[in-house]
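Please look over the sequence and the structure before reading on.

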Amino acid sequence: MSIDQDVLKLPHDQIEQIQLDGIKKTAVRVYENVPFYKNSFDEARFNPYEINSLDDLSKAPFITKQDLRDNYPYKLFAVPMEDVLEIHMSSGTTGIATVGGYTKHDLDIWGECFGRGVTYADGGPKDIVHVCYGYGLFTGGLGAHYGGLCSGATTIPMSAGNTERQIRVLKEMGSTIICCTPSYAMHIADTAIEMGLDPAKDFHLRAGIHGAEPFSDNFRADLEKKLNYKVLDVYGLTECMGPGVAIECMEQTGLHLAEDHFYAEIIDPATGKNLPDGEWGELVLTSVDREAQPVIRYRTKDITRIIPGECACGRTHRRIDRLHGRTDDMMIIRGVNVFPSQIEDVMETFDDVSSWYQIELSTKNSLDVVTLKAEVNPGFDLDSVASIENLQNSIQAKLKTALAVGIKVKLVEPKSIPRSTGKAKRVIDLRKENEK
Amino acid sequence: MIDQITVFLENKEGRLLALCRCIGDAGVNMHAMTIAESADFGLVRIICDDPQKALEALNAADFRANKTKVVGIVVPNRPGGVADLLEILDDLNLNIEYGYCFSINNDEAADVFKIHGDAESAGAAFKLEEAGFKVLSQEDLA
Ligand SMILES: [Zn+2]
């Protein structure tokens, strides 16, 4: 097996033609075979037989995670059960799991999409792909596994856990590309160092394809230093296949979407209206050619943007930016959409405050007031009122530039921001209370 | 020169009490305490008999506390005593960030100044001693 390199460099209008041809068929197929789509298209007066351009798709109704749950387990399948070869499930943190079904064709696409990550890491049949995502219902393990196979690389199905054995294999068997969550990669690196190894020298890694959880630029830099390799971010979700929907190339300037299989839109999560390239909003995905369980306009709740322009690597598939959190975390402050991750980006640049901060939203004279509380770090010269006020003011100024909305910064005492299981509750919204 | 402990406190009920209790439980005796405040927070400045011990106790209790060198001068118990002192400092063209006063015993009081810059602070202490003032050292407060 190998990855089709030509399709990655197709002129974009040809990619769009592939998308339009695929979506026309897919939309009709789900309309005729899946009662959910029949109802939702009819309700929205969307005619799947009259899609003449990709823009027409913006008239189609959305499908949400709740719709997937409501149709648990198989009601969204668009093929007979005998054509479904594999099932995956996402862990239902809020109750019912969401199910993904795959035909032979769907599994091939999945392998192809994830396998592109191996290509992006300049890898191929000569590589050894070490997969230590968990194997099982979770899409990480088998997705990476199919990707490794499709790329032609030797694939080692380590699964997660037994870190000492992972380290032995990484050292002795010459793995060149590792696929796992970023936090597990860090755990492997730290454990190896504790064991007296220098993973930067003792391992043979060239790249890591890491996803399934967010990680900061600092975290990435730290990983790259410890393991002496390049970290490529991978995006995907069980509802739309699994990891491989988009993967970074070695340029590390955004994740190339697998545009011949997914059509991406960015919408304003508050209004549902499409946003132009470059603007941050919610990613909406449509399957171009998935068979078992295609989605038309699935709201991912993930915040990103389409990066305008072409990638230096020469591949023509458009890129999404690294995720900026979830729409659930989005705040609307005086009409401006603000994501906690934008605030985190600013806070990271100040050494004098800790990473524990909290945002309090309240209302004063019917205007939103945002107060950001941040803990002062030890070592900060806090002897004068002015030095503290200067720090508050410089954080405030930087936030204002980054968010285009004013936030009042209030420095607080250490550990005064409550920690719940190691994670801070970042946002407290008192606006409804204030209205009473 | 003496060591002053500065503690950053939010304007929240009970924090000052917690601070004083923490120092007291550590067996440290306070000579002076002042509060500089803004709308949102306060800075509590403390002169005590064992600043190092106070600092360790405060850090252990998750207070954000610093140790700062300040100049403490015994003020003569007579009219114009403080004015004489300030005259000397005035001639030195220093930048005094803040100052306050506390009584050492029934007869004597001390003025505390935070002077910008370590060299300037030491220079001022020297000039004051030269002019006959008693400049306090930490041992004087133990
Ligand atoms: Zn690229």
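Buried means under 20% relative accessible area, exposed over 50%, and partly exposed in between, with a 1.4 Å probe and protein chains only. Helices (H or I, at least four residues) and strands (E, at least two) are DSSP runs, numbered from the N terminus. The model is predicted, so local features need pLDDT of at least 70 and side-chain atom pairs count only at pLDDT 80 or more, while totals for chains, interfaces and linings use all residues. Residues are numbered from 1 along each chain as its sequence is written, chains are lettered from A and ligands numbered from 1 in the order in which they are written, and side-chain values use heavy atoms, leaving out hydrogens and water.

**Helix α9(A)**

- Helix α9 of chain A spans residues 217-227, and its buried residues are Arg220(A), Leu223(A), Glu224(A) and Leu227(A).
- They cover an arc of only 95 degrees around the axis, which puts them on the same side of α9(A); the arc is that of the directions from the helix axis to the C-beta atoms.
- The elements that cover these buried residues include α7 (182-194), α8 (199-202), β6 (207-211), β7 (230-237) and β8 (242-248) of chain A.
- Asn228(A) follows α9(A) and has a positive phi, near 55 degrees.

**Zinc site**

- Cys249(A) (SG), His256(A) (NE2), Cys311(A) (SG) and Cys313(A) (SG) coordinate the zinc ion at 2.1 to 2.3 Å.
- Donors are N, O and S atoms within 2.8 Å of the metal (3.2 Å for Na, K and Ca); water is not among the atoms, so sites may look incomplete.
- The spacing of the donor residues in sequence is C-x6-H-x54-C-x1-C.
- His256(A) lies in strand β9 (residues 255-257) of chain A and Cys311(A) in the loop between β13 (306-307) and β14 (319-320) of chain A, so the pair ties together parts that are 55 residues apart in sequence.
- His256(A) is buried, with a relative accessible area of 1%, and Cys311(A) is buried at 7%.

Definitions and conventions. Contact means heavy atoms within 4.5 Å.
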